[in-house]
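Me: I would like to learn how to read the features of a model like this one, step by step. Please take each idea in general before turning to the case at hand.

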Amino acid sequence: MQTSWVPFVPESASTLSGKVDALYFYLSGVTLFFALLISGVIIFFVIKYRRRSPYEIPRPIAGSHKLETLWSVIPLLIAMSMFAWGAQLYFEQYRTPKNALEVYVVGKQWMWKVQHSTGQREINELHVPLGRKIKLIMTSEDAIHDFFIPAFRIKSDVLPGKYTSYWFEATKPGKYHLFCAEYCGMNHSGMIGSVIVMEPTEFDSWLSGNAGQQSPAVAGQQLFQSLGCVSCHGASGEGGRGPELAGLFGKRVFLNTGQTLTADESYIRESIVNPQAKLVSGFGPIMPTFQGQVSEEQLLQLIAFIKSLQVVNPHPATPAPGATGSVPPAPSPTRNNR
Ligand code: CUA
């Protein structure tokens, strides 16, 4: 791991890192410029307007509207330029691209557990291909952790009971530091690992070299059977006593309360551990909670399974029987899993 031309700046190895650095140097530059300007002016004035005799009385100053306008408008413009630049970068980073490769990350005291959508598992290591967008879906089993890869300039809190999504695209092969950046207990400082960026062909052979592990979607399907989900949601998620799950992911969901939401990872997770929280329109509160019966990793597997379910019937999903909603259903799945 070599460093950049500034000795204390970590290596820049993602599509984001250059942009973050540019903004950071702009902020530092503006700060440095005004720090020097103001200290220079202070020193200059201290000398120029020093008291020359003990009886000297300064001339009163009435103020200047021109000067006051100037020193209000210029800082406003500078501050707004920082806001606009920062917001633009923020939106770019928080809008996850649709065609990204998904990787599940579970933080626990004190390690990072990673699973790829093909089934490969890793601990405190993350192998990714070069030049591909990677979407991390992260949660924690216990305390709050924070997933931090300095070389990619990404840092995101990993929270229990919630999913955080983050994406990056590596631009340079190599091995990079992975840290936990949130104090999470005794061995927080040991919660470290590496990210290994490989050429795509190399990555493919790494994936196949670690084959034989069940994909999260397949493991999720088995859980779906063994937990008895099939008895209400159908063997292929076609619905029945419970809402239809096929083609659900990424779609609009109509709730009992008249609200609608988009079925994402967090919604599905909540519906498993706390089914009464958001009841689908037309369905009663009959589903038991699975809190404590499934681990965070199993929850991710169930979600991967639901994501993999395609619509079974040829006509688009209709609102649940007995639904009062008059809103037409979404025409097609908005998201593609592969
Ligand atoms: Cu996990 Cu600090």
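Me: Which residue in β3 is the bridge partner of Val-114?

Reply: Before the case itself, a word on the ground rules: this is a predicted model, in which local features need pLDDT of at least 70 and side-chain atom pairs count only at pLDDT 80 or more, while totals for chains, interfaces and linings use all residues. Residues are numbered from 1 along each chain as its sequence is written, and side-chain values use heavy atoms, with hydrogens and water left out. Helices (H or I, at least four residues) and strands (E, at least two) are DSSP runs numbered from the N terminus, and two strands pair if DSSP finds at least two bridges between them. With that in hand, the bridge partner of Val-114 in β3 is Glu-122. The strands β2 and β3 run antiparallel and are joined by three bridges; they form a hairpin with four residues between them, and Gly-119 in that turn has a positive phi of about 115°.

Me: In what order do the strands of the open sheet lie, and which are the edge strands?

Reply: In a regular strand the side chains alternate between the two faces of the sheet. Here five strands form an open sheet in the order β3-β2-β1-β5-β8, with mixed pairing. The edge strands, each pairing on one side only, are β3 (121–123) and β8 (164–169). From one strand to the next the twist averages 25°, where axes are lines fitted to C-alpha atoms, for helices over the stretch in contact, and angles run from 0 to 180 degrees between N-to-C directions.

Me: In what sense do β1 and β5 pair, parallel or antiparallel?

Reply: Strand β1 (residues 101–108) and strand β5 (residues 133–140) pair in the parallel sense over seven bridges, and Tyr-104 stands opposite Ile-137 in β5. By contrast, β1 and β2 pair in the antiparallel sense over six bridges, with Met-111 in β2 as the bridge partner of Lys-108. A hairpin through two residues joins β1 to β2. In the loop between these strands lies Trp-110, and a cis peptide bond, with omega about -5°, joins Gln-109 to Trp-110.

Me: Which helix packs on the sheet, and how many residues of β2 are buried?

Reply: Two terms are needed: contact means heavy atoms within 4.5 Å, and buried means under 20% relative accessible area, with exposed over 50% and partly exposed in between (1.4 Å probe, protein chains only). Helix α7 (residues 296–308) packs on the sheet and touches β1, β2 (111–116), β3 and β5, its direction making about 160° with that of β1. Five of the six residues of β2 are buried, so that this strand is mostly covered.

Me: How many aromatic pairs does a search of the whole structure find?

Reply: A pair of aromatic rings is described by the distance of the centres and the angle of the planes. Rings of Phe, Tyr and Trp (its six-membered ring) pair if their centres lie within 6.5 Å, and planes under 30 degrees apart count as stacked, over 60 as edge-to-face and the rest as tilted. The search finds 14 such pairs. One of them is edge-to-face, because the rings of Phe-45 and Tyr-49 have centres 5.6 Å apart and planes at 65°. Phe-45 counts as partly exposed at 41% relative accessibility, whereas Tyr-49, with a relative accessible area of 56%, is exposed. Tyr-90 and Tyr-94 form a stacked pair, at 4.3 Å centre to centre with 25° between the planes. Both lie in helix α2 (residues 65–94), four residues apart, about one turn of the helix. Tyr-90, Phe-91, Tyr-94 and Tyr-166 form one aromatic cluster.
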